[in-house]
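These are a colleague's notes for someone meeting this structure for the first time.

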Amino acid sequence: MKSAFLIAAPTSGSGKTTIARGLMALLTSKGMKVQPFKCGPDYIDTKFHASVCGRPSINLDTFMASPEHVRELFTAYGADADVCIVEGMMGLFDGYDRDKGSAYEIAKTLDIPVVLVVDAKSAAYSVAALLQGFLNFRKDIRFAGIIFNKVGSARHFEMLQQVCDDLQIKCLGYLPKDASLEQGSRYLGLDFSEQSETQKLINLLETHVDWRALTPKYVPSVGIIDSQCGNILFPVREQKVLLARNAESFSFLYQETIDRFSSVRFFDPETEVPSFEDIDLLYLPGGYPEKHLEALVKNEACRKAINDFAEQGGSVVAECGGMMYLCKSIVTDEGEYPMCGVLPYRITARKADRKLSLGYRQFELDGKVYRGHEFHYTQFLDKAPVSATQVFDAKGKPVPTPVFRYKNVLASYTHLYQI
């Protein structure tokens, strides 16, 4: 028997990631195997999950994948776990088109209950009106209970308990207001280079939250996990891949993408010179190359090797930061830094040039449909390059994001879900 539940909130910034990470760490500390999941295309929150669970966190996304595939991933990766915890995204019902692609849709697709995290700062009985709406807005999901965040005192929590009593929803507890538990942020999301005090978070949740009510005895999983073995169900592609990986500069990866290949070798573009012997594909994922330009420039032998490989017809997929690395140079407020030079473009990471490009992306190229997600502030410095195909957002509206096809190189700002 397992337990499975989704942690959601009325809005972003309510504390989902803090409480999700804390519960994952707490249940892991109790000797349980906890399999983490993340709704949507986020590749930063998953790093928090992996750091406390000791196993990769898996993205579940109903825009980039079908509901059947989402269930398949949940089944496969959660098969040997005692507890499966899914962290939602944004507000519970916030999707790319109304509630399409939302955490609500994931909970419904997986048939698992929702734990709702509510920011109770400066609020008391008025929370009842908010909860009443969330509990009754859709009749096809279940709620396992409420966890209040940023609670000011024991008396404050008593008032919030009255709300749950009146609405007949289980109050699972609360997390006290504590600035040290709040994660810092970067211009691309939460700062995964710094961790707040995990043990303190564990202690607070153990003291103030009825965590036992979320264990297998009380929250049984649906049959899609228990009825399957622990094998990965999706087909493996017979490709040998060389993959750039670094803690920050090349780190935005979907675990499923790695697991789909028959063979994967890793190298660090900051410190290593790769060998391209016996590989079918060079994969350069996204990350923060603009934060590590001096190291990337210093490793000139690596940049030259990648340029030679691409010019000689080697197959390359480069996404966002990986695409930036393939370009002629990256310009910052400190200067201009030469990159691989495969693509003849200059990228600006100067503060004055920052402009948010965000959202789901889809396009067709060479008879194949690609889906993914774009999230960056850097831009092309000079005239916008010509795209090899038209790119669209989730609603089918054209967007100016370019896609490059040069020899056997496929490059774009879009983080592709399946390459």
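1. Helices (H or I, at least four residues) and strands (E, at least two) are DSSP runs, numbered from the N terminus. The model is a predicted one, in which local features need pLDDT of at least 70 and side-chain atom pairs count only at pLDDT 80 or more, while totals for chains, interfaces and linings use all residues. Residues are numbered from 1 along each chain as its sequence is written, and side-chain values use heavy atoms, with hydrogens and water left out.

2. The second largest pocket holds about 350 Å³ of space, and of the 16 residues lining this pocket, Ser357, Gln379, Pro400, Thr401 and Pro402 are the closest to its centre. Here a pocket is an open set of points on a 1 Å grid over the protein atoms alone, where a 1.4 Å probe fits, with protein on both sides within 12 Å along at least five of seven lines, and lining residues have an atom within 4 Å of a point; a volume is the space filled by probe spheres set on the points, which are joined across faces, edges and corners. Strands E17, E18 and E19 (379-380) each supply at least two residues of that lining.

3. The largest pocket has a volume of about 1,100 Å³, and Ser12, Lys38, Asp42, Asp45 and Met90 are the closest to its centre among the 42 residues that line it. Elements that each supply at least two lining residues include helix H1 (16-29), strand E2 (34-39) and strand E18 (368-376), but E17 gives the most, with 4 residues.

4. Helix H6 (residues 154-167) has 14 residues, which at 1.5 Å a residue should span 20 Å, in agreement with end C-alpha atoms 20 Å apart; the expected span is 1.5 Å times one less than the number of residues. In H6, His156, Phe157, Leu160, Val163 and Cys164 are buried, that is, under 20% relative accessible area with a 1.4 Å probe and protein chains only, whereas exposed means over 50%. Seen down the axis, the buried residues of H6 fall within an arc of 105° (taken from the directions from the helix axis to the C-beta atoms), so they line one face of the helix. On the other side of H6, Asp165 and Asp166 are exposed.

5. Leu205 lies in helix H7 (residues 198-208) and counts as buried because its relative accessibility is 0%. Beyond its neighbours within four places in sequence, Leu205 is in contact (heavy atoms within 4.5 Å) with Ile19, Gly22, Leu23, Leu26, Leu175 and Trp211.
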